[in-house]
Amino acid sequence: MEQRLDGAKKPLGTLSPRELLKRGWNGVVSTPLTVIKDSINSVGMPNSLVVIPTSRMTLPSPTEYPSRMTLPSPTEYPSLFDVRNPSSTRLADGTTIAGRTQEVGQLMPQFARESVSANWCSNPTNFINRTCTDEEMVNGKAAEEQTYCQVYHHNLYSVLTNPKASKWGGTLLDALYPSLDVDIALSPYPGLADVSIRDLQPYLRQFGMAAAKYEENHLKPVNEQLSSSNVPSISVADEDVAKCLKAVPTLFFEPGFDLANPKMFEEVMTMPHATSIQEELTTYLDRVEFTLLRQVSSRSDRFFEASADQEVIKQSIKAACDQVATLRVTMKRLRNLLADKTLDIVSLHRRQKRIKELHNLVAMIEEVRNAEAAVEALVQCQDYTNALTLIETSQVILKENLQSIHGLSSLHDKFRGYRGLISSQISQRFISIVTSHKWAFHDKEESALSSNKSQNSLSDAKVHVQEEITQLVDVLFRVDALDITIKSYYEQLNEEIRIIVKTVVTETIAVSLSSKSGGNSDFGASLGNESKISNQLRALTSDEFLQCVQMIFDHLLMVLKRTTVVQSILVNSMQNKKNEATEEEKVVNVANRNESCVSLNEVVKCKAANSSEGWSPLEHASDEHTTLSDWKIKAKCSKVIREIDEVVRKTCELSQRSVSNLFAVRKEVQAVYTMPQLRKLYDTTMDFVVSVEKLMGKTDYTLRGSLFSQLKLFLEKYHQIQVARLVSTLDHELWKNTEISEPRHKALDDLSSGRGVALLLSNDREITGETAPPRKMVSICGKTFRVVWSVLLMLEITMNYMSCAANFPVLASDVLQRSIEIFRLYNSRTTQLVLGAGAMQIANLKSISARHLALASQSLELSMTIIPHIKAALAAHFTDRQKLLLDEFDRVSRDYAEHNEKIFSKFTSIVEEQIMNRFLENISTQIDYDCASLTIPTNPMRGITQSTLKLYAVLKPILSPPQMKDVMSRVFDMFTQKLPECFKLVQPRTSVGKERVVDDIGAFVQSFHEVTEHSFDGCALLRHFNNAYSS
């Protein structure tokens, strides 16, 4: 037995109800009472909170009870209560109090039930007195407690924490033991400590304030607490849900939460908690139930309102269903009495109308049968117009009125066959007329020439054919066969063009071979010996091929002119139909506006009159024709116009492409034509192209492109030949002054004076006997140039290029590029041969002398002088945008100027390296200025003067005076800069020697008086030596 708190031992004594209440249920260990205790606990607590202990537990000390989570009081949330019928008062698990009492009695042991019965029988007065005393206590607060008992089960907090809940247990024990007046002495139970008021002091201090608050809250009447004004709003209830979700761990809200799962059970048991796990889980459960109850209370008003509205709707629907049933009965009675007899009149009228329709249908069938025989007769007589009218009328009747009659389905195929036959016959007739070589169509150019002779330019036959073609076009338009006819016409034109080209080429080749064979009889054998027609075509001479092309052009122009006449006929016919459709559209619009003003009575009268007169196929066909959409007719006409325009365009392209193929076969042959031959072919082809473009009404580049490619190939071939010729000339150039013939000089003079170049190439010009002697130099633009032969050849090639541009302006940009290539080739090759001394290995020159350099400089000067005139001549063939290409000549001029500058620098380097260094290299050791026998000027200075004047004598006949001035000014400047450096080591010992040095330099300066272009100003040089050798 455990010790008490004060350390004293006291027996438990006998079992007394009041002592039991003081000690509490946990202090009783007796088996019968344990069973009663468990059953009562299960009644007073919700099923979810009943925990059956698995082992005997000891009552912990008051200090071991932690504080529970504080829950809201009934005052704060009075809406947790609602009023129920007293008869429906149930416990938390749904059972009534009476039922629970019976269950308790059944759970009690047999000896307990016998003891209760014995006590009741032995002393019933005490039991009744005690029961009355309890009833008096209840009657003191009857109204409040009765209402509370009705709703107490709704508040889990009140059930668990109400201190008054123990009174009914005492009353039950008094009922079980009514004869006991004294406390039953209980035998001490081993291990159980005595409980005193001191043990409960911590509990009272902890929960005393809460209990007082609970009592204060319950002072209010229950009716006031249950007022609807205290029901929380939905937003407040939602806030409680948020608080609940925040307070309770999310683990318990997961869909798969199950404590039967070992892993989840272990996670729950190992959660951190302030109190025992049972109390923590109980707190979570209370919080969730409380939140749910708040949600239900906040939405109770809406639920009851919805229930009331549903009941009202049910009543309304029931009343409406009754009214519908009544109306149905009434309508059935009225229909039987009034409507059935009246409907018989309508049925008879409908029958009469159908009989009339049947009569009309039979009449139409008879009309269609008669039309079949009439169409066959008209087709045999070739009266296609009337036959087509009957076919169209019959097809309209069959399609709109007799389509459902299967016996007439064969007529559709017959009329369609007649229509196809008419279409094919007319199409063949149309194509045979417009492709006939005997058709003398009206040519506008011929009529313009013959207008002065006669006013009637067309004969009767021409007028008749023109009218027939127009009629055929109208019929083809009616049968929707113009598209197919135009396609067939296009195919016929293509075949005709191929035949023309093939025939003319074959005949030309045959004539050429017969002329070569000298009229031999085995011409066919010689023709068959040729491998391919392309080889035979290449073997034709330029004149033979030109005649062949001219003949092809003549025949093709006839075909194309005839095609344009057909195009004009079709376009005029379609345009007339479009105008007619437009007029009909205007008439229909006016009629529609007038009909909108007619009253309804007049419309009814017109309909009755039309129905009484009967039906006419022709009138119906006329009405159908007038109601045909005008926009469809216009669309068809526009389509035909587009198709015939496309046919003309494709035919012109095919004709030009056929000739282009011939050019492609002979491109290598024509690339070596002479300029006159190529010019004749170009003029003939361009005349045909211009004529075709006039017929088409726009520019076409099919044959233009082929001809341009042929011209570019000619220029490319010529350029390759001339480049090779120029390179060969430069490689064999001896760099000597050459003479220039008078025609060549005149060509340069014409180019520089703005008169242009000759239209013939230099190789194609006739060579006449020259009487004028050749010139020694070129004189243009007020300047004279002594040049070599290679520069004259380069300028001749460039002028030939310009002749190509003058004959064929389309080659202007290509001529520009080729000319620039020629100029750059000459510049780079001259640099390699002269400045790079390449001519010593290639042309076997011993050295590159100053004369060679001077002639190269003069050649460059001539090129730079002629370049602006070449640029101006080519600019006449360029557009404003293409003139930007001419800037390449400016770059070429700059390259030539740089090259000429290098040549002038070479003159200075010759004087410096070959003259000064040779004479002044050892002047300090060779010349003793202190020697009295020294003559002035000394030998080195005299040698420099003589060599420089010799160079001057070589350059003066070649270079122009401005060039000579430039060269000598460079040489004199070099003397002024280099002589002081050469005399640094010359240091005479005596003043006389120093004076001799100054006198030697003065004599050197005075020795160049022969140079007239530029005088040697040696003042700066003398001043330097005076200062350097002054005593």
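Student: Is Ala-837 buried, partly exposed or exposed?
Tutor: The model is a predicted one, and Ala-837 sits in its loop between helix 31 and helix 32 (839-842). Buried requires under 20% relative accessible area and exposed requires over 50%. The relative accessibility of Ala-837 is 21%, so the residue counts as partly exposed.

Student: What is the phi of Ala-837?
Tutor: Most residues other than glycine have a negative phi. Ala-837 is a residue other than glycine, yet its phi is positive, near 60°.

Student: Which residues does Leu-934 touch, not counting residues up to four places away in sequence?
Tutor: Leu-934 also belongs to the loop between helix 35 (923-926) and helix 36 (939-955). With 21% relative accessibility, Leu-934 is classed as partly exposed. Beyond four places in sequence, the residues touched are Ile-927, Asp-928, Tyr-929 and Arg-996.

Student: How many Å separate Leu-934 and Gly-993, C-alpha to C-alpha?
Tutor: In sequence, Leu-934 and Gly-993 are 59 residues apart. In space, their C-alpha to C-alpha distance is 9.6 Å.

Student: Is the crossing of helix 28 and helix 31 left-handed or right-handed, and how many charged residues are in the contact?
Tutor: The crossing of these two helices is right-handed. Helix 28 contributes residues including Lys-712, Glu-716 and Asp-731, which meet a set in helix 31 that includes Asp-814, Arg-818, Glu-821 and Arg-829. The contact residues of helix 28 and helix 31 comprise 11 nonpolar, 2 polar and, as the value asked for, 7 charged.

Student: How are helix 29 and helix 33 oriented to each other, roughly parallel or roughly perpendicular?
Tutor: The axes of helix 29 (residues 742-753) and helix 33 (residues 850-875) come within 8 Å and cross at roughly 65°. Helix 29 passes helix 33 in a left-handed crossing. Since 65 to 115 degrees is the range for roughly perpendicular, the two helices are roughly perpendicular to each other.

Student: How many nonpolar residues are in the contact of helix 29 with helix 33?
Tutor: From helix 29 the contact takes Leu-748, Leu-751 and Ser-752, and from helix 33 it takes Ile-866, His-869, Ile-870 and Ala-873. The division is no charged, 2 polar and 5 nonpolar.

Student: What is the geometry of the aromatic pair of Phe-303 and Phe-304?
Tutor: Phe-303 is exposed at a relative accessible area of 54%, and Phe-304 is exposed at 55% relative accessibility. Their rings lie 5.6 Å centre to centre with 70° between the planes, and the pair is edge-to-face.

Student: What is the geometry of the pair of Phe-545 and Phe-663?
Tutor: The ring centres of Phe-545 and Phe-663 are 6.0 Å apart and the planes are at 55°, so this pair is tilted. It links distant parts of the chain, with Phe-545 in helix 22 (residues 542-595) and Phe-663 in helix 25 (residues 630-665), 118 residues apart. Both Phe-545 and Phe-663 are buried, and the geometry asked for is tilted.

Notes: Residues numbered from 1 in each chain as written. Predicted model: local features only at pLDDT ≥ 70, side-chain atom pairs only at ≥ 80, totals over all residues. Heavy atoms only, no water. Left-handed = near helix turned anticlockwise from the far one by under 90°. Helix = DSSP H or I, 4+ residues; strand = E, 2+ residues; numbered from the N terminus. Contact = heavy atoms within 4.5 Å. Nonpolar A, V, L, I, M, F, W, Y, C, P; charged D, E, K, R; others polar. Buried < 20%, exposed > 50% of the residue type's maximum accessible area, 1.4 Å probe, protein only. Phe/Tyr/Trp six-rings, centres within 6.5 Å; stacked < 30°, edge-to-face > 60°. Axes fitted to C-alpha atoms, helices over the stretch in contact; angles between N-to-C directions. Parallel < 35°, antiparallel > 145°, perpendicular 65-115°, else oblique.
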